[in-house]
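Hello! Here is the structure I promised to pass on to you. Please have a look at it first, and then read my notes below.

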Amino acid sequence: MIQSHISDDILTSYAAGSLDEASSLLVACHLSLCPHCRARAAKAEQLGGFLLDALEETAVSSDMMANVLAHLPAPAAKVSLPELTEPRLHAVLPAPLRDYVGGDISELRWKRVAPKVHQIAIPMKDKRAQARLLRFRSGMMVPCHGHNGRELTLVLTGSLCDHTSTLFRGDVAETDERTEHQPFAGSGEDCICLAVTDAPLRFKSVFARILQPLLGI
């Protein structure tokens, strides 16, 4: 059962369409796993619609619609839709993430960045934040670090622990400039998580700072 959920401000920004692409991907993945937050997101969208309906009407010119339509790009050529296939009932990665990385766990090419640590950087058109898949061997401890901005972490397999909590599949950790911690992968299967950062981390150890440009975090 999912215990750690998306915060209200991030969920509201997602519903309003103002969240960066990488964070939106993480929220979409969490929503695909969490019925509780799907219901919260629906309420946020309903609230947004209510607020729009409550706005006072503003007069516009009679030719505004024609001007807007004139600036729209020409419609793309019609293409045939792919045939429907059976849903991937046993997929590890949520559907929004599979669309970005091109498959499920067994189909991906991981890059080794340190002993017991692999990653896949996920390209984003929106450069306000970075997204990456991280894979830690059981018991692997991340070097102690702080944050220069916000980091969102969604656990997909295994568990991710620190001194205050243990997160499992579907759980989300949200950290910011006030956080300094040293998370580690719990016992059992490898910990795979989706991590989104909008600023570089602050590592304490010299060795970790040397590796930081290679990790890209």
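**Confidence, and a buried strand**

This is a predicted model, and among the elements of the protein chain, helix α2 (residues 21-33) has the highest mean pLDDT (96) and helix α6 (residues 206-215) the lowest (55). Here pLDDT is the predictor's confidence in each residue, from 0 to 100. Helices (H or I, at least four residues) and strands (E, at least two) are DSSP runs, numbered from the N terminus.

Over the protein chain the average pLDDT is 81, and 72% of the residues score at least 70. Two stretches stay under 50: residues 50-54 and residues 76-86. Where pLDDT is low, the predicted coordinates should not be read in detail.

Now, why is strand β11 (residues 191-197) largely enclosed by the rest of the structure? Because seven of its seven residues are buried, meaning under 20% relative accessible area with a 1.4 Å probe, protein chains only. Cys 191, Cys 193, Ala 195 and Thr 197 lie on one side, with Ile 192, Leu 194 and Val 196 on the other.

β11 also has partners; two strands pair if DSSP finds at least two bridges between them. Strand β3 (residues 130-136) runs antiparallel to β11, joined by seven bridges, and Gln 130 stands opposite Thr 197. Strand β5 (residues 151-157) is antiparallel to β11 as well, with six bridges, and Val 155 faces Cys 193 as its opposite.

Residues are numbered from 1 along each chain as its sequence is written. Local features need pLDDT of at least 70, side-chain atom pairs count only at pLDDT 80 or more, totals for chains, interfaces and linings use all residues, and side-chain values use heavy atoms, leaving out hydrogens and water.

Notes. Buried < 20%, exposed > 50% of the residue type's maximum accessible area, 1.4 Å probe, protein only. Contact = heavy atoms within 4.5 Å.
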